[in-house]
Amino acid sequence: MRIQESAENYLETILILRQKNGQVRSVDIAAHLGFSKPSVSVAMKHFRENGFITIEDGGSIVLTEAGLEIAERTFERHNLIKRVLTALGVSPETAREDACRIEHVISEESFEQLRRYYEQVLKDQADV
């Protein structure tokens with residue numbers, strides 16, 4: 001299933017904030033992404049209706065299994081692409097920015113080959 005880049009960014013942000021803070025509220029997402037609270041509220045409504053999140057009584061946002069799968073896939077792509085670019089000599093800031101764009105458009109085939117290449121060739125030099 002292919003979802004829009006903005007949806008992937010929202011779900012990835014929920015994952016990151018949950019890992020960092022233990023819980024996530026709409027206001028946290030708005031602050032992290034620089035979006036308005038009403039925009040985030042509308043997005044969360046759509047995610048809830050489409051089964052990607054649940055909202056607990058206190059307003060904490062929790063990824064469902066479907067939402068978590070998308071968030072983890074996006075996060076994994078971002079991190080691997082950033083590591084590969086950095087290992088190739090790209091500055092960390094540029095690698096982060098480029099990874100944010102590439103993570104949404106790279107095909108499964110290309111990503112898997114990039115992962116294999118990283119694991120076989122670049123991993124040892126990136127870990128130094």
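Predicted model: local features only at pLDDT ≥ 70, side-chain atom pairs only at ≥ 80, totals over all residues.
User: What makes up the protein, in helices and strands?

Analyst: There are six helices and two strands. From the N terminus on, they run α-α-α-β-β-α-α-α. The C-alpha trace spans about 50 × 30 × 20 Å along its principal axes. Of the 128 residues, 35% are buried. Among contacts with a separation of 6 or more, 56% join residues 24 or more positions apart.

User: How do you know that the span of α4 agrees with its number of residues?

Analyst: Helix α4 has 23 residues, so at 1.5 Å a residue the span should be 33 Å. The end C-alpha atoms of α4 are 33 Å apart, which agrees. After α4 comes glycine 89, with a positive phi near 105°.

User: How does α3 do on that test?

Analyst: Helix α3 covers residues 37-49, which is 13 residues. From first C-alpha to last, α3 reaches 18 Å. The expected value at 1.5 Å a residue is 18 Å, and the span of α3 is close to that. Just after α3, glycine 51 takes a positive phi of about 80°.

User: What makes you say that the buried residues of α3 line one face?

Analyst: Start with the list: Val40, Ala43, Met44 and Phe47. Looking down the axis of α3, these buried residues fall within an arc of 100°, so they line one face of the helix. On the other side of α3, Pro38 and Glu49 are exposed.

User: What covers the buried residues of α3?

Analyst: The cover includes two helices, α1 (5-21) and α2 (26-33). It also includes the strands β1 (53-55) and β2 (61-63).

User: Why is isoleucine 70 called buried?

Analyst: The cut-off for buried is under 20% relative accessible area. Isoleucine 70 has 3%, so it is buried. This residue lies in helix α4. Other buried residues of α4 include Gly67, Ala71, Thr74, Arg77 and His78. Isoleucine 70 and glycine 59 are 11 residues apart along the chain, and their C-alpha atoms are separated by 22 Å.

User: Why is glutamate 5 called partly exposed?

Analyst: Exposed needs over 50%, and buried needs under 20%. Glutamate 5 has a relative accessible area of 41%, so the label is partly exposed. Glutamate 5 is in helix α1.

User: Glutamate 103 is in a loop. Is it buried or exposed?

Analyst: Buried. Glutamate 103 has a relative accessible area of 1%, so it falls under the 20% cut-off. The loop is the one between α5 and α6 (108-126).

User: What does glutamate 103 touch?

Analyst: Not counting residues up to four places away in sequence, glutamate 103 touches Asn9, Glu12, Thr74, Arg77, His78 and Ile81. Glycine 89 is 14 residues from glutamate 103 in sequence and 19 Å away in space, C-alpha to C-alpha.

User: How much space lies in the largest pocket, and which residues are closest to its centre?

Analyst: The largest pocket holds about 280 Å³ of space. It is lined by 14 residues, and those closest to its centre are Asn9, Glu12, His78, Arg96 and Cys100.

User: Which elements supply the lining of the largest pocket?

Analyst: Helices α1, α2, α4 (65-87) and α5 (92-102) each supply at least two residues of the lining. The largest share, five residues, comes from α1.

User: How do the residues of that lining divide into nonpolar, polar and charged?

Analyst: Four residues of the lining are nonpolar, five are polar and five are charged. Cys counts as nonpolar, while Glu and Arg count as charged.

Notes
Residues numbered from 1 in each chain as written. Heavy atoms only, no water. Helix = DSSP H or I, 4+ residues; strand = E, 2+ residues; numbered from the N terminus. Expected span 1.5 Å × (residues − 1). Buried < 20%, exposed > 50% of the residue type's maximum accessible area, 1.4 Å probe, protein only. Arc of directions from axis to C-beta. Contact = heavy atoms within 4.5 Å. 1 Å grid on protein atoms, 1.4 Å probe; cavity = no way out; pocket = protein on both sides within 12 Å on 5 of 7 lines; lining within 4 Å. Points joined across faces, edges and corners; volume = space filled by probe spheres on them.
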